[in-house]
Each structure stands twice: as C-alpha cells, then as structure tokens.
Amino acid sequence: MNFSMIIIGIYAALLCVALLTPYASACLAPRTTNGSPVHWPVCVLLLLGAIALTIARHGAFPLLGVLVLIPLLGLGVWSLLGGMTAAMLFATVIWWKWPVHMGPISAVLSVLLVLGAGLLTRWSRLSALPRTGSGSSLIPPMLLCIMIGLAVGLLTAPFESAEPIYTAWHHWGAYLAPVEAWRAGGLPYRDFPLQYGLGPTSLLVASCGHDCWRGMYIVTISANALYFATLSGSVLLLTTRSSKGVRWLALLAMFCATFLWTGFPVSFASPIMTPSVGGLRFLTISALLFHILLSEERQIRRDWIGHAIWLIDLFWSPEAAFFGTVIWWPYLALRDVQAENGGRDVLIALFGGILRALGVLAISIAALSLALWLVSGGNITSEQFFAYILHPPGPLPVNLTGTVWIALASITIALSILIWRRPSSQSRRLYACLLSFLAAGSYYISRSHDNNILNLFPLLILLLLGLLENLECIQKSVQSFIRSLIHTLFVAMIAFVVTFDFTAWREGAIQIGPLYLGPTRLISRFSPETDDTPAMLPPDAVVGLQKLRERGAGAIVLLDRYYLMPRSDGLAWTPINNLANFMPLPEQAALHYVRRGAEIYHRPGWILASAEYQHWIAAFRTAYDVREERSFGSYRAFYLVPR
C-alpha cells in the first residue's frame with residue numbers, strides 16, 4: 001500500500017466519523033449542560049500536540065507568534081493557554097521561508113495589525129450584539145461584498161513580474177485548453193478530457209466572445225466575488241449571537257483568507273492567477289452552506305433551493321458532486337433525526353433519510369449519465385469521466401509537521417462538541433460547517449501541499465465560528481481556552497500577511513502604478529514577443545512562436561517544460577493543445593486523443609517543441625504526417641497534416 005492510499009484511508013475514516021458523530025449523539029440519553037468530561041482531555045491534547053509539533057519543527061516559532069498573544073493579556077491562564085496553542089499551530093503556515101526576517105516597516109505594521117484586530121473583541125463599544133441578525137436583510141452587506149470582490153479582481157498591477165504572469169498563464173491555460181478544443185468542433189470526453197468538469201468548461205465556452213482569455217478573467221473575478229459574498233453572509237449568520245467585535249474580527253479574517261491567503265504568499269499577486277483556489281472550485285460549497293445557515297437562522301425550510309444547488313453541484317464536476325452530496329443529504333437526515341425523541345425513532349428517521357438520499361441520487365445520476373452521453377456524442381466511459389481523479393496532477397506526500405495540524409485540531413474540537421451537544425439548530429449549523437470543511441479537504445488529499453490548507457482558510461473560518469456558537473455546552477474554563485484559540489487564529493490570519501513576499505506588487509506599482517485596472521496587459525503577455533520584459537519563455541521559443549505567427553500558423557502547440565498554451569486567434573487543430581492537461585494521463589489516453597483530433601478536426605497545424613519534449617512527435621506521427629520542419633535554436637517546429 002503506497003502513502004497516498006494511506007492518506008485516502010485516513011481521510012475516509014475521518015469523514016465517516018464526522019458523518020456519524022451527531023447521529024450517535026442523538027441516540028444517547030440527553031445531557032446536562034456544562035458537564036462534559038470529554039473537552040478537558042481534548043484541550044490538553046491540543047496544547048501538548050502543539051508543543052510537540054513545535055519541537056519537531058526544531059523550535060521554529062516566529063516573533064509574530066508572540067505578538068498575537070498580546071490581546072489575551074489579563075484574560076486568565078486558560079485564555080493564554082488557548083492562544084499559545086493557536087500561535088504554535090499557526091506558525092506552520094510559513095512554509096515558504098524560514099527564519100522570518102521582518103524589516104522595521106513590517107514589524108510596525110504587524111504590531112498595528114495585531115493590536116487593531118486583537119482588541120476588537122475587547123473594545124467595550126463593540127461588545128453589544130450586532131443588529132444584522134435573523135430579522136435583518138443580508139442583501140445590502142452581501143452586495144457590498146460582491147463589489148469589494150470585483151474591485152480586488154480588477155487590480156492587476158502585480159502582473160508585471162515574471163512569476164505571477166507565469167502562474168496565471170499556466171493555470172488559466174489548463175482551464176482554457178478544453179474550451180478551445182470544444183470551440184474548434186470537438187466533443188467533451190470523446191475528443192478531449194475535462195480536468196475541471198463540465199460546468200466550468202461550459203461556462204467558459206459561453207463567456208468566450210472574441211477572446212476566451214478575457215472571458216476567463218471575467219468568470220474568475222465574478223466567481224471570486226460571489227464566493228466572498230456567500231462566505232461573508234455566512235459569517236453574519238454565524239455571529240448573530242456574538243459581539244460586534246467578534247463579527248468584525250471574523251469579517252476581516254475572511255477578507256484576508258479569501259483574497260490574500262489564496263493569492264500565493266510565496267509571490268503574492270492576486271487570487272485571480274489561480275482560479276482553482278477560489279470561487280470556480282469552492283462556490284459550490286459556500287452557496288450550499290449559506291443556504292443551510294440561512295434556513296436554520298430564519299427557521300424557514302426552502303429545501304427546493306438546497307436541492308437545486310446540489311443538482312448544480314452534481315452536473316458541475318465530479319468534485320463538486322462529492323462536495324454537495326457530503327454536505328446536503330447528511331444535513332437533511334440529521335434535521336429529521338433530531339426531530340425525534342431518541343432511540344428507535346432516531347434509527348428509523350436515519351434509515352429513512354439514507355433511503356431518500358439514495359433514491360434521489362440514483363435518479364439524478366441517471367439524468368447526469370444521459371446528459372453526459374448526449375454531450376459526448378454517445379461515446380463516454382467512466383475512465384474518461386474520472387480521468388483526473390484516477391490520475392491527479394502532481395500528488396505530493398503530506399508534510400507531517402505542516403499546516404495540516406491546524407485543520408485536524410479544528411476538526412477534533414468540532415467532533416468533541418458534537419458528540420456531547422444537545423440536538424439544536426446550532427449543532428446542525430456546526431455539523432454543516434464541519435462537513436463543508438471536510439468535503440473541501442479532498443482538495444488537499446489530491447496534492448497534499450501545505451499551501452492547500454491555506455486555500456481552505458475561508459471554510460476553516462466558518463467552522464471556527466460554528467464552534468464559537470456551540471460553546472455554552474462546556475465548562476467555563478474550557479470555553480475560555482477554545483474561544484481564545486479561535487480568536488487568536490483569526491488575529492493570526494490578519495497579522496501574518498506581513499510575512500508575504502510583496503515584490504510583485506512593488507515592481508508593478510513602480511512600472512504602471514498600484515491602481516492599474518483590468519487584464520489587458522496581462523493577457524497580452526500570453527502571446528510573447530521578443531521585446532517583452534520580463535521574458536516568459538526562452539529566446540528560442542519566443543522567436544519560434546513569432547516567426548510561425550508571421551506565417552499565419554494559427555493555434556501553435558508548445559511542448560516544453562513550462563506547460564503553457566500560447567494565446568492565438570486560430571481554431572485548435574488537436575485536443576492536445578496544452579501539455580499541462582495531458583502529462584498526468586497515461587500514454588494510451590494521450591494517443592487516443594491524438595487520433596481523435598486528427599479524425600474530428602482534420603486540420604493541419606504547427607508544434608513547437610524543445611529538444612527534451614520532441615519525443616511527443618512520435619505520438620503525433622501515429623495520425624499525422626510531418627510535412628515541414630524548422631529549427632529555432634534549441635526548439636524545433638513541425639508542420640503536421642492529418643492522414
């Protein structure tokens with residue numbers, strides 16, 4: 001058994017425990033409040049685990065970790081211990097550099113952020129309950145959040161630096177490769193694979209207009225804005241019983257989590273450069289969770305909305321289908337179970353919920369199968385549909401002293417509360433938040449990089465807020481420990497942004513100003529020219545692309561170690577138009593798509609390949625004849641004509 005299978009097994013076991021915990025709780029006798037003996041060992045375990053983790057990391061603990069404890073002074077020993085646990089766990093987020101060196105400006109800024117954010121919960125003027133609650137409209141603040149999200153997406157100054165340009169080009173190209181193949185006349189699954197699912201690809205095809213790259217930008221910033229709005233709406237719902245200070249702290253942390261921590265701290269630019277860490281992937285979760293939280297807060301059942309969101313998830317992508325199914329149907333079953341009095345009635349309600357879910361799932365999967373059969377021209381296999389699940393791109397081993405422990409600590413606290421919590425609306429909200437975070441955790445399983453946990457911070461915040469509103473069932477000292485742990489995590493999410501590398505922003509501000517708006521300059525870099533600065537490709541590759549474009553080559557396929565798809569105005573002539581989408585797949589799958597492209601498109605085209613990737617020409621020779629070759633230094637161009 002390899003290491004990845006072990007990780008999948010651990011994840012599956014943890015998910016099963018989380019799914020069943022509240023049902024086990026519902027079957028047990030009613031509990032008394034403030035009397036659980038379970039939480040003390042959990043707190044001790046978290047503290048000792050954080051200390052052991054710090055020792056295993058050779059004492060790696062930044063000074064900033066000490067600063068985030070300042071707002072806890074005077075709150076008691078248990079609060080300080082909770083904050084220390086959070087600080088030691090959060091120190092693992094700085095995976096890109098160690099030790100952390102901060103200049104005078106960064107140091108002063110970090111102190112201001114810590115004090116400004118940390119003291120929000122202690123400011124007497126913010127101690128009252130917020131007005132935006134169950135009886136207030138969420139539309140105005142959520143519209144404001146959409147505008148904030150769009151404004152953040154419009155800022156493109158940092159894309160004057162090489163690394164942000166390359167990252168955006170690489171990730172956008174992975175989305176647009178099947179889009180170009182579809183627009184050229186191919187059919188999904190039969191003629192080309194869909195890495196991100198039918199939903200995102202269909203949306204991008206519809207948004208292309210005259211330039212799919214600009215459509216990619218518009219879709220990305222719109223999805224991110226909606227993602228932030230639904231997340232912020234969930235924060236407002238989860239803080240209706242908290243003080244204004246806690247609400248503002250959570251909202252600030254959510255902004256940082258959504259737009260800063262997802263912007264790749266190693267070379268921070270913007271979350272638009274990696275669409276897969278924002279709304280295009282996780283809006284399916286945040287929208288469904290927002291509906292659940294709103295229904296619980298308003299005590300109004302509109303299950304048809306939840307069913308509609310789940311159906312969209314099912315058709316969106318295999319990953320989104322997993323997200324929605326793990327969240328929606330267990331939540332509905334728990335709601336029915338908690339309406340019973342315990343024992344036999346609980347089991348009957350549980351099995352009824354399971355049968356209902358299985359019945360609806362069977363009918364919906366049949367409808368999905370029919371839709372996939374039609375869209376693929378009646379030619380699709382399960383291996384084609386699950387291609388990137390069976391062959392994930394770039395899997396990595398888990399860092400056993402990394403950020404995964406922040407996630408595991410939060411999940412542990414949630415489980416310890418759910419097992420002892422009386423059935424209530426608050427416990428169901430916590431359950432939905434826990435399942436949302438765990439479902440999104442499958443994204444971490446596929447690659448297991450520390451940065452993947454940082455991309456899950458928005459959903460982690462909702463889980464932590466769900467914990468905060470369920471603390472009344474435990475002892476006061478343990479409440480202080482967990483509350484301070486959560487508040488410190490929020491403060492750290494805000495203050496630790498000073499450790500990011502903002503070089504790209506500094507360079508962009510100098511060259512075009514910090515408030516440059518729109519994607520025009522960024523998109524122009526995806527058609528490289530010889531005088532571009534910085535250069536994104538080797539000079540030989542740029543010269544080759546430019547010479548071929550001058551000859552009217554149309555869509556040029558670039559085969560080299562950069563895994564990029566050059567922007568062009570011509571139609572695709574092969575589905576293998578971006579090496580990034582096909583490197584994870586088996587060789588036979590690539591050969592299949594080469595042959596399908598020759599048969600369906602029946603167009604000639606150019607390949608520009610570096611020396612180490614010219615072996616791919618042998619695959620193309622199975623369906624094409626090479627009619628012309630041209631040399632451009634270390635790159636060579638091949639003109640292929642289908643047989």
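These legends describe close-up views of a predicted model. Local features need pLDDT of at least 70, side-chain atom pairs count only at pLDDT 80 or more, and totals for chains, interfaces and linings use all residues. Residues are numbered from 1 along each chain as its sequence is written, and side-chain values use heavy atoms, with hydrogens and water left out.

**View 1**
The structure holds 10 cavities of 30 Å³ or more. A cavity is a set of points, on a 1 Å grid over the protein atoms alone, where a 1.4 Å probe fits but cannot get out. Grid points are joined across faces, edges and corners, and a volume is the space filled by probe spheres set on the points. Lining residues have an atom within 4 Å of a point.

**View 1. A nonpolar patch on the surface.**
Ile-70, Leu-73, Leu-80, Met-84, Val-111, Leu-115 and Leu-119 form this patch. Together they have about 510 Å² of accessible area. Helices α4 (77–90) and α5 (104–118) are the elements that give two or more residues to it. Helices (H or I, at least four residues) and strands (E, at least two) are DSSP runs, numbered from the N terminus. Patch residues have over 30% relative accessible area and no salt bridge, and nonpolar side chains (Val, Leu, Ile, Met, Phe, Trp, Tyr) are joined within 5 Å. Areas come from the Shrake-Rupley method with a 1.4 Å probe, and for residues only the protein chains shown count as cover. Met-84 is found in helix α4. Met-84 counts as partly exposed, because its relative accessibility is 33%. Buried means under 20% relative accessible area, exposed over 50%, and partly exposed in between (1.4 Å probe, protein chains only).

**View 2. The salt bridge between Glu-160 and Arg-521.**
Side chains of opposite charge can pair when their charged atoms come close. The structure holds 19 salt bridges. Each is a side-chain nitrogen of Lys or Arg within 4 Å of a carboxyl oxygen of Asp or Glu. In this one, the closest N and O atoms are 2.8 Å apart. Glu-160 sits in the loop between α6 (139–154) and α7 (162–183), while Arg-521 sits in helix α24 (residues 520–524). The two are 361 residues apart. Glu-160 is buried, at 5% relative accessibility. Arg-521 is partly exposed, at 34%.

**View 3. The salt bridge between Arg-429 and Glu-469.**
The closest N and O atoms of this pair are 2.8 Å apart. Arg-429 belongs to helix α18 (residues 425–440), and Glu-469 to the loop between α21 (457–468) and α22 (476–495). They are 40 residues apart. Both Arg-429 and Glu-469 are buried.

**View 4. Glu-628 meets Arg-551.**
Their side chains form a salt bridge of 3.0 Å, N to O. Glu-628 lies in strand β3 (residues 624–632) and Arg-551 in the loop between α25 (539–550) and β1 (557–559), so the pair ties together parts that are 77 residues apart in sequence. Glu-628 is partly exposed, at 27% relative accessibility. Arg-551 is also partly exposed, at 43%.

**View 5. A network of salt bridges.**
Arg-190, Asp-191, Arg-596 and Glu-599 are linked here.

**View 6. Backbone geometry at Pro-534, Tyr-189 and Gln-299.**
Most residues other than glycine have a negative phi, and most peptide bonds are trans. The bond from Thr-533 to Pro-534 is cis, with omega near 0°. Pro-534 is in the loop between α24 and α25. Tyr-189 has a positive phi, near 70°. Its place is the loop between α7 and α8 (198–207). Tyr-189 is buried, with a relative accessible area of 1%. Gln-299 also has a positive phi, near 55°. This residue is in the loop between α11 (279–298) and α12 (303–316). Gln-299 is exposed, with a relative accessible area of 55%.

Definitions and conventions. 1 Å grid on protein atoms, 1.4 Å probe; cavity = no way out; pocket = protein on both sides within 12 Å on 5 of 7 lines; lining within 4 Å. Patch = residues over 30% accessible without salt bridge, like charges linked within 9 Å, V, L, I, M, F, W, Y side chains within 5 Å.
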